[in-house]
Amino acid sequence: MVACGISRRQVALVSRTGRHLQRYNKGRRQVVGCIPYRYKYSKQSPAKDDEAKELEVLVISSQSQKGKGMLFPKGGWELDESKEEAASRETLEESGVRGIIESELGKWSFRSKSHDAYYDGYMFPLRVEEQLDFWPEKNLRQRTWVSVKEARQFVSIRG
């Protein structure tokens, strides 16, 4: 039932399901997620200094058939976990990466495209330290590293 780290190299291949532990605030479902990022050295510069680094973010495909866009991993914040724990879990389940969660970027409210409901969302940057070959939603989603400029073109922050 819980996707958690078994060891540094193994992960349970099951995502949490159901909403019986889901958090709500004034009728709004509470969701959390991450913007996974890494630095990659530029191919144009042979130097290994800070100016040669390019920032990349990880985006994933939507699980919904009608949603063909890319998005950042996010999902429900449950009663038995902190915001950071939930964001880390959702990122692992949906994109198969682990890393260091940094300070909260902020909160936004949005209306779900698939449900007639309003949500509150909280996002965190996650500096990726490990990219797994197998993760719970590997067969449901594709993941792609893109530049920030590319991400702005096709990633929606809406639900």
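1. Buried means under 20% relative accessible area, with exposed over 50% and partly exposed in between (1.4 Å probe, protein chains only). By that rule Lys83, Ala86, Ala87, Arg89, Glu90, Thr91, Leu92, Glu93, Glu94 and Ser95 of helix H1 are buried. Helices (H or I, at least four residues) and strands (E, at least two) are DSSP runs, numbered from the N terminus.

2. This is a predicted model: local features need pLDDT of at least 70, side-chain atom pairs count only at pLDDT 80 or more, and totals for chains, interfaces and linings use all residues. Residues are numbered from 1 along each chain as its sequence is written, and side-chain values use heavy atoms, leaving out hydrogens and water.

3. H1 covers residues 83-95. Gly96 follows H1 with a positive phi, near 70 degrees.

4. What covers the buried residues of H1? The cover includes E2, E3, E5, E6, E8 and E9.

5. Strand E8 is mostly covered too, with ten of its 14 residues buried. Strands pair if DSSP finds at least two bridges between them. E2 pairs with E8 in the parallel sense over nine bridges; Ile35 has Pro125 as its bridge partner. E7 and E8 run antiparallel, joined by six bridges, and a hairpin of six residues links them. Trp108 stands opposite Gly121.

6. Val146 is in contact (heavy atoms within 4.5 Å) with Leu55, Glu56, Val57, Val59, Ala151 and Phe154, leaving aside neighbours within four places in sequence.

Terms used
Expected span 1.5 Å × (residues − 1).
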